[in-house]
Amino acid sequence: MTRIAVIGSGYVGLVSAACFAEIGHQVISVDNDSAKIAALERGETPIHEQRLPELLARHKGGRLRFSTSVPDAVRQSDAVFITVGTPQSQTGEADLSYVEAVAYEIASAIEGPKVIVEKSTVPVRTCEWLRDSLTLNGAPQGAFSVVSNPEFLREGAAVTDFLYPDRIVVGADDAAGAAIMQAIYQPLTSGSYYAEATRIAHASYRHANAPLVLTNAKSAELIKHASNAFLAMKISFINAVANISEAVGADIQQVCEGIGSDSRIGPRFLNAGIGYGGSCFPKDVQAFRSVAEQCNYDFSLLTEVMRINSEQRARFLKKIRGALWTLRGKRLGVLGLAFKADTDDVRESPAIAVIEALVQEGAQIKVYDPAGMANAKKLLSSPAVTYVEDEYEAARGSDALLILTEWAQFAALDLRRVRSLLKYPIMIDGRNLYEPAAIADAGFIYHSIGRPTVHPERPESPPLGFATQSIGANA
Ligand code: NAD
């Protein structure tokens, strides 16, 4: 058992804290947002994340405690994980001011030996800065190690991603730091957690025990930025191919199946759509390009990844105009606000950007999202946007229905009911949730990404009376 403090109780920090308690450690989850800590103390779960309420209920008051005091938590711990935000600064670099503020507070509380763990996503060399900052602010030299332990969890599957990782990356520059990290993750790396009767189950984990990749600190920092940049590149790549597919009348879903079956490539993240968003990819790709600039390397590939991503949204808006002619005064039902399915996170969500652009052009929006509405209301408060209670209310009386987030329930709509509620049977799907032929059979004019528009009477051809254009042709 290790005594752990986790500083920052957001998507990463709270999940990490709950999972460390779950694998046997004594954990204090800290945040300077006293309202969030009070909610956690009351037994509430401040974010939408599967299995998290169950873990919090299981460990709160036992192995998991909450606090607003960084120094108190540091004094009572052997390992201190930093999981505060590292947003994008105006110059594109990562803003490390939250990390620095936490380092200042940690430094004053280091009395005995500690491992300070950088779990927030940070640019390469932050471990060095952190070491210097801790020493300058009074932490006794030799009393602490600084280790990098980047996090790869996905929102929506964060608990199982944490407990059943593809790999754990630990970047340590000294033996003491490496040893304590290996001890912390031992229940996963030995597989002992997976034999426990009360474990959080995962049906298809491909390892008997979690692999741990031990590197130096700089390599671990680089692994995180390079991984996110690679995934963003995969999304932009398939979106670029989708635009060719659409222009020539191919079907991007079939193309993806053919590409993704190659084990060197794999099917994941080959989903054509309205581009990547969220609190990680946009800022991490930018920050990685800034790191390259500082190394005098022009990583122009990343510039192109970002350009394709923003162009993808513009193309989707063109597609909507192509389907509906003018937007002023049009009433649009919208499904989806979260940046991806199974989360309430709307930070940098492409859905929000698309809705803002539609409102700008004079459209009236009725929108529904299963988890993202409360967060979206803080960003999108235009009188042109009405939040409704389900998919069918979004469809009622609307000129068209738009799908912007890939929630499973949006792929299982009662199409007959939706069709009867819509003013016109037009669906514009930014996530390719439906099979074109089947939805045309259900009576819809269906526009999607990288596939031909289909029409009820004449599948695979543009409908009469509607100005449909392929986005490839529009470009
Ligand atoms: P978040 O905004 O959800 O949470 C950060 C928390 O830190 C907030 O609750 C905030 O109140 C708290 N905080 C800020 N300053 C503090 C201070 N001085 N003392 C105590 N608490 C403080 O952020 P997140 O999404 O959890 O991301 C955290 C880091 O993890 C980022 O670097 C992010 O890039 C990285 N990351 C995120 C994900 C993800 O899916 N969200 C995945 C992997 C890595």
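The structure on your screen is a predicted model, in which local features need pLDDT of at least 70 and side-chain atom pairs count only at pLDDT 80 or more, while totals for chains, interfaces and linings use all residues. Residues are numbered from 1 along each chain as its sequence is written, and side-chain values use heavy atoms, with hydrogens and water left out.

**First stop: α10 and α12**

Select residues 217-248 for helix α10 and residues 281-294 for helix α12, whose axes come within 9 Å and cross at roughly 120°. The helices and strands on this tour are DSSP runs numbered from the N terminus, where a helix is H or I with at least four residues and a strand is E with at least two. An axis is a line fitted to C-alpha atoms, for helices over the stretch in contact, and the angles run from 0 to 180 degrees between N-to-C directions. α10 passes α12 in a left-handed crossing. On the α10 side, select L222, H225, A226, N228, A229, L231, A232 and I235, and on the α12 side F281, D284, V285, A287, F288 and V291, since these residues make the contact, where contact means heavy atoms within 4.5 Å. The residues of this contact of α10 with α12 divide into 11 nonpolar, 2 polar and 1 charged. For these classes, Ala, Val, Leu, Ile, Met, Phe, Trp, Tyr, Cys and Pro count as nonpolar, Asp, Glu, Lys and Arg as charged, and the others, Gly among them, as polar. As for the hand, a crossing is left-handed if the near helix is turned anticlockwise from the far one by less than a right angle, and right-handed if clockwise.

**Second stop: α5 and α6**

Select residues 97-109 for helix α5 and residues 126-136 for helix α6, whose axes come within 8 Å and cross at roughly 40°, so that α5 is oblique to α6. α5 passes α6 in a right-handed crossing. The contact is made by V99, A103, I106 and A107 of α5 together with L130, S133 and L134 of α6. By class, this contact of α5 with α6 has 6 nonpolar, 1 polar and no charged residues.

Now select residues 300-324 for helix α13 and residues 350-360 for helix α14, where the axes come within 11 Å and cross at roughly 45°, which makes α13 oblique to α14. α13 passes α14 in a right-handed crossing. From α13 the residues R313, F316, L317 and I320 take part in the contact, and from α14 the residues P350, A353, V354, A357 and L358. In the contact of α13 with α14 there are 8 nonpolar, no polar and 1 charged residues.

Select F20, F81, F162 and Y185, which form one aromatic cluster. Rings of Phe, Tyr and Trp (its six-membered ring) pair if their centres lie within 6.5 Å, and planes under 30 degrees apart count as stacked, over 60 as edge-to-face and the rest as tilted. By this rule the count comes to 14 aromatic pairs. The rings of F20 and F162 have their centres 5.2 Å apart and their planes at 85°, so this pair is edge-to-face. Because F20 lies in helix α1 (residues 11-22) and F162 in helix α7 (residues 158-163), the pair ties together parts that are 142 residues apart in sequence. Both F20 and F162 are buried, where buried means under 20% relative accessible area, exposed over 50% and partly exposed in between, with a 1.4 Å probe and protein chains only. F162 also forms a tilted aromatic pair with Y185, at 6.4 Å centre to centre and 40° between the planes. Y185 counts as buried because its relative accessibility is 3%.

Select T198 in the loop between α9 and β8 (212-215); at 52% relative accessibility, T198 counts as exposed. Leaving aside its neighbours within four places in sequence, T198 is in contact with E22 and R58.

Finally, select R331 in strand β9 (residues 331-335), a residue that is partly exposed, with a relative accessible area of 41%. Not counting residues up to four places away in sequence, R331 touches Q364, G397, S398, D399, A400 and K423.

Terms used: Angles under 35 degrees count as roughly parallel, over 145 as roughly antiparallel, 65 to 115 as roughly perpendicular and the rest as oblique.
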